[in-house]
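Dear colleague,

My notes on it follow directly after.

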Protein chains: 2
Amino acid sequence: LARGRARGAEWEQAAIIGVGLLGASLGMALRERKLAGRVVGVARRPETLKAALEVGAADETTADLPAALAGADLVVLATPVRTIIQHLHEIGPHLARGAVITDLGSTKRRIVNAACSLPDPTRFVPGHPMAGSDRSGPRHARAGLFEGATWFLTPAPETDEMALRRVDALARALGAQPLLLEPARHDELVAFSSHLPHALAVSLMNSCLPLLAGDPPLSRIIAGGYRDTTRVAAADPVMWRDIFLTNADALGRALASLRVQLAALEAALDDPEALEALLASASAARREINS
Amino acid sequence: LARGRARGAEWEQAAIIGVGLLGASLGMALRERKLAGRVVGVARRPETLKAALEVGAADETTADLPAALAGADLVVLATPVRTIIQHLHEIGPHLARGAVITDLGSTKRRIVNAACSLPDPTRFVPGHPMAGSDRSGPRHARAGLFEGATWFLTPAPETDEMALRRVDALARALGAQPLLLEPARHDELVAFSSHLPHALAVSLMNSCLPLLAGDPPLSRIIAGGYRDTTRVAAADPVMWRDIFLTNADALGRALASLRVQLAALEAALDDPEALEALLASASAARREINS
């Protein structure tokens with residue numbers, strides 16, 4: 001099917017529900033690369049719709065979700081996770097026949113469960129591009145956001161093979177590298193690779209609140225290390241609230257692992273050899289990731 | 001005195017003990033900005049001495065510490081902290097009359113105490129430039145490393161005023177911003193702003209060791225957030241071992257604060273409002289640092 005449309009766009013009309021940083025970046029990329037004949041952006045707030053249009057994230061924007069879904073052969077759910085779940089319960093009656101539905105949510109189990117509410121759950125391809133920024137909203141969107149990123153796809157056993165293939169091709173067309181995982185395995189892994197770092201950055205920042213307006217102020221006593229370690233803490237609190245709430249059990253296990261490591265480090269603070277060993281293993285591992 | 005040398009270099013001969021990333025960067029900057037008539041670099045390992053010469057960090061290098069000290073009116077201790085302490089106990093007999101001694105160590109109380117061993121402790125100006133990198137060694141040195149950095153100076157009550165003024169002027173000439181603090185206050189603050197972030201990056205990295213060579217490997221399931229949060233963990237384990245060992249009590253208190261925050265976050269994982277409040281306060285604080 002995908003090959004058969006080689007002379008035209010891959011999709012006739014894409015409806016992107018939620019045109020924040022990710023949704024708007026996707027819209028820009030779909031338009032720039034002519035992957036969709038037409039992109040409709042959906043959001044509730046007029047200022048978001050205005051910004052999405054201005055940055056070129058959509059050909060048209062609307063707050064009317066059913067209207068946007070009416071002619072769409074591709075539907076992308078790009079809001080915070082709990083809103084994605086809510087939309088999966090609501091959009092069924094408004095979907096066009098044969099539409100492929102995907103999402104950009106950072107946790108997958110709860111979303112996959114909610115997709116059972118769809119009239120035809122086989123048409124839903126759960127996705128999660130590992131792309132983002134500490135900045136949010138369409139004004140920070142860019143078509144190249146997905147270049148080089150891992151794009152998780154976590155299909156259910158019943159997911160339609162052609163729908164999966166088309167979303168896989170979409171991810172590749174945006175420069176991303178698709179990676180198939182089971183939803184539970186995905187959530188367990190990103191608890192360590194994404195949610196735990198975020199939880200640490202947030203907790204580090206909150207530990208330093210008393211120093212923020214101190215004398216000297218926090219901004220004068222930090223360097224690149226502090227800035228990098230806490231950078232992600234600046235991100236959108238609502239997006240991250242939903243991620244943490246929908247992956248609380250896996251994040252709890254990751255936090256437990258971290259506590260073990262922190263205790264080991266603290267126990268080694270008067271033991272030069274043990275301390276150096278902990279620092280050396282982290283240093284070697286971090287260098288391995290770089291190489 | 002400083003003003004009287006305006007037509008020549010500020011220092012006749014600088015001896016830099018330890019030409020790793022920081023010491024070599026200092027040597028390059030002293031030479032490029034003609035702040036010292038001559039720069040002598042000291043290290044034990046031949047390959048370090050060779051690299052320091054090759055990158056232009058010194059006019060001359062030697063493994064002979066007493067020889068390097070003989071003609072130096074500026075002595076900069078730039079090794080890991082526990083080696084700085086050892087050198088403070090050893091260099092006294094070899095110092096030139098009137099020499100100013102300073103250091104680049106990341107913790108200050110233990111170093112200030114060790115300086116009592118010097119024949120004239122009033123000539124020692126304890127310093128700590130908040131500059132560095134996850135890369136170590138003279139090959140990664142650059143003259144601009146200190147530009148814009150805070151450069152802590154933690155003089156004792158007896159520190160010679162003119163020596164302090166000259167080291168302050170040196171820091172400014174390198175583009176840094178000097179900041180005077182008492183040694184204990186310095187160590188307490190950097191425990192939060194530098195050592196705690198490092199401890200977290202190391203512990204996060206060590207928590208993920210089982211995933212490093214997993215399927216998929218860690219490198220495929222991470223994005224910019226993980227990279228930034230763990231970046232400093234790649235740094236030199238020996239340098240950081242010494243920092244942690246010589247600031248164990250203050251770092252222990254910082255870790256205790258962090259544990260309180262982690263517990264609060266974990267307790268909020270089933271409470272949307274409390275969770276959003278924690279994420280929002282960190283996000284606002286992090287944005288404030290950026291602005």
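This is a predicted model: local features need pLDDT of at least 70, side-chain atom pairs count only at pLDDT 80 or more; totals for chains, interfaces and linings use all residues.

A:Asp134 and A:Arg231 are both buried.

A second pair within chain A may be set beside it. The side chains of A:Arg31 and A:Asp59 meet in a salt bridge, at 3.0 Å from N to O. This pair, too, links distant parts of the chain: A:Arg31 belongs to helix α1 (residues 21-32), A:Asp59 to the loop between α2 (46-54) and β3 (60-62), and the two are 28 residues apart. Are these two residues buried or partly exposed? A:Arg31 has a relative accessible area of 30% and is therefore partly exposed. A:Asp59, at 36% relative accessibility, likewise counts as partly exposed. Over all chains, the structure holds 36 salt bridges.

I turn next to the contact between the chains. In chain A, 84 residues are in contact with 84 residues of chain B. Between them the two chains bury about 7,600 Å², with 66% of that area on carbon and sulfur atoms. On the side of chain A, the residues that lose the most area to chain B are A:Arg220, A:Arg286 and A:Ile289, which together account for 9% of what that side buries.

As to polar links across the interface, 32 residue pairs are in polar contact, counting pairs with both residues at pLDDT 80 or more. Several elements of chain A each supply at least two residues of the side that touches chain B, among them β8 (150-153), β9 (177-180), α7 (183-207), α11 (248-267) and α12 (272-290). By class, that side of chain A has 48 nonpolar, 18 polar and 18 charged residues.

The count of salt bridges between chain A and chain B is six. In one salt bridge between the chains, the side chains of B:Arg231 and A:Asp228 meet at 2.4 Å, N to O. In another, B:Arg241 pairs with A:Glu276, the closest N and O atoms being 2.7 Å apart. B:Arg241 lies in helix α10 (residues 237-245) of chain B and A:Glu276 in helix α12 of chain A, so this pair joins two chains. B:Arg241 counts as buried because its relative accessibility is 14%, whereas A:Glu276, with a relative accessible area of 26%, is partly exposed.

Finally, one helix of chain A may be described in detail. Helix α6 (residues 161-173) has 13 residues and reaches 18 Å from its first C-alpha to its last, close to the 18 Å expected at 1.5 Å a residue. At the start of α6(A), a side-chain oxygen of A:Asp160 comes to within 3.2 Å of the backbone nitrogen of A:Met162. Which residues of α6(A) are buried? They are A:Ala163, A:Leu164, A:Arg166, A:Val167, A:Asp168, A:Leu170 and A:Ala171. Just after the helix, A:Gly175 adopts a positive phi of about 90°.

With kind regards

Notes. Residues are numbered from 1 along each chain as its sequence is written. Chains are lettered from A and ligands numbered from 1 in the order in which they are written. Side-chain values use heavy atoms; hydrogens and water are left out. Helices (H or I, at least four residues) and strands (E, at least two) are DSSP runs, numbered from the N terminus. The expected span of a helix is 1.5 Å times one less than its number of residues. Buried means under 20% relative accessible area, exposed over 50%, partly exposed in between (1.4 Å probe, protein chains only). A polar contact is a pair of N or O atoms within 3.5 Å; within protein, one must be able to donate a hydrogen and the other to accept it, and residues adjacent in sequence count only if both atoms are side-chain atoms. Contact means heavy atoms within 4.5 Å. Buried area is the accessible area (1.4 Å probe) that two parts lose on being put together, summed over both. A salt bridge is a side-chain nitrogen of Lys or Arg within 4 Å of a carboxyl oxygen of Asp or Glu. Ala, Val, Leu, Ile, Met, Phe, Trp, Tyr, Cys and Pro count as nonpolar, Asp, Glu, Lys and Arg as charged, and the others, Gly among them, as polar.
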